[in-house]
Amino acid sequence: MSLLNRIQKGGGAGSTPPSGGGGDNPPPSQGGMSSSEESRLAAIRAQRATQSRVPGRSGDTAYIDLKTRVQTRLLQELDQAMDLTRKAEVRAHIQELFNAILAEESMVLARTEKERLFEQIVAEILGFGPLEPLLADDSITEIMVNGPKNVFIERKGLITRANVAFEDDDHVLRILDRIVAPLGRRIDEASPMVDARLPDGSRVNAVIRPVSLVGPTITIRKFFKRPLTVEDLIRNGSISKEMIEFLRACIIARLNIIISGGTGSGKTTLLNVLSGYIPNDERIVTIENAAELQLRQEHVVTLESRPPNIEGRGEITIQDLVVNSLRMRPDRIVVGECRSGEALDMLQAMNTGHDGSLTTLHSNSPRDTIARLETMCQMAKANLPTRAIREQIASAIDLVVHQERLRDGSRKVVKITEVQGMEGEMITLSDIFEFEQTGVEGGKIVGRIRPTGIRPKFTDRFEAAGIYLPPSVFGVGRI
């Protein structure tokens, strides 16, 4: 017996209800109402009755019921032994069953409505449900689920509500389990927070009840299918050609660099771009909570932290990985983000022969970056005096590249600052490049990224690496 013949006969959910009785029939003519008005009223009521039988919007209860019923029957009829990784074959099989079920239930839908229902069901079986169309949209950079009915997206730095929704909390949790289970991670009441990633590398953070009071919350930082290049950043106005020329020289000359900024300011994107200037013959060790970096060099070792298991054991922190990386003979250490005591181990690595290391850090300015770095070193519980920590920072860090997401949603490198050393008890900084805002036009911030005219003290390291930057890069000699 073929698969189609094995489909059980279902009830006619979409069949026409019997005439007579109920609210579908027009009421008798009322006094004073003309025949044309009576006909129009009857047409309106008939239209409303039809809408209740054949739903037209994904938010309608009838539509959700139909989707659930068809999806349940599909799952019952699908061969449990089918290889779901062969998506084209499974999709064709689902299409065959889908058409048969609609025909048996005598459900007539418009072509666009039928296609949308089919795509939603396929996404539930093979993908990530309502998130699937958002993940497929390359213009969306971030997806934020605040409970089942409130989904927001970010496009071009601006946040808007998405035209999708989940059925309920359980629906969101089913999709979450599908994300975290292949990674060997879990999310439940005992462990209500998790960091994960999608197969394409997009970063996922999820928080559920009892921590989240609005229901399951998901934040997805999407990866571009085509990683952004230097040319893209210049074209978008995120950085200038002079900045890129200068930062390329810093990477080749093995300066230690911190990329700082707020959430969603583009730190990881810039780190990806700058890491492309690391010579291909160097051994690079990357350390992250969830692997996001997309280095193109041949000799790259990617390490990822691990949370504790259900018994609270087996945790491997960023700090553990930084310490271990020193035994792996790295030429460069790239830490996705410093958040805690690993900052001190990172500084130790920079000060003990691992020049050219890179990391990112959340802060509001280059000066705040140094202050936060000092605070994180104190979190390592090494009981070092403040001056000793500041000396470590001044000796290890050469450059702070600070990036911001501006009010209009644009992302720009607003300052490149040299760490010059210590003067008394303070670490001295000097801005080499900065963004100067000149106004606002059509809601867009207008300005220019300009050199300050100050040459950094480490230019001799450029010459030692065989790099010679023209004075115009630093604004010297310009009129």
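**Figure 1. Helix α11 passes helix α13 in a left-handed crossing.** A crossing is called left-handed if the near helix is turned anticlockwise from the far one by less than a right angle, and right-handed if clockwise. This is a predicted model, in which local features need pLDDT of at least 70 and side-chain atom pairs count only at pLDDT 80 or more, while totals for chains, interfaces and linings use all residues. Residues are numbered from 1 along each chain as its sequence is written, and side-chain values use heavy atoms, with hydrogens and water left out. The axes of α11 (residues 342–350) and α13 (residues 386–396) come within 9 Å and cross at roughly 50°; axes are lines fitted to C-alpha atoms, for helices over the stretch in contact, and angles run from 0 to 180 degrees between N-to-C directions. The two helices are therefore oblique to each other (under 35 degrees counts as roughly parallel, over 145 as roughly antiparallel, 65 to 115 as roughly perpendicular and the rest as oblique). Look for Leu347, Gln348 and Met350 of α11 where they meet Gln392, Ile393 and Ala396 of α13. By class, this contact has four nonpolar, two polar and no charged residues (Ala, Val, Leu, Ile, Met, Phe, Trp, Tyr, Cys and Pro count as nonpolar, Asp, Glu, Lys and Arg as charged, and the others, Gly among them, as polar).

**Figure 2. The buried residues of α13 are Ile389, Arg390, Ile393, Ala394 and Ala396.** Buried means under 20% relative accessible area, exposed over 50%, and partly exposed in between (1.4 Å probe, protein chains only). These residues pack against α11, α12 (366–378), β13 (411–423) and β14. Helices (H or I, at least four residues) and strands (E, at least two) are DSSP runs, numbered from the N terminus.

**Figure 3. Thr428 sits in strand β14 (residues 426–441).** With a relative accessibility of 16%, Thr428 counts as buried. Beyond its neighbours within four places in sequence, Thr428 is in contact with Glu418, Val419, Gln420, Gly421 and Glu423, contact meaning heavy atoms within 4.5 Å.

**Figure 4. Helix α4 (residues 111–126) meets helix α6 (residues 169–180), their axes coming within 10 Å.** Here the axes cross at roughly 50°, which makes α4 oblique to α6. On the α4 side you will find Ala123, Glu124 and Ile125, and on the α6 side His171, Ile175 and Arg178. Three nonpolar, one polar and two charged residues make up this contact.
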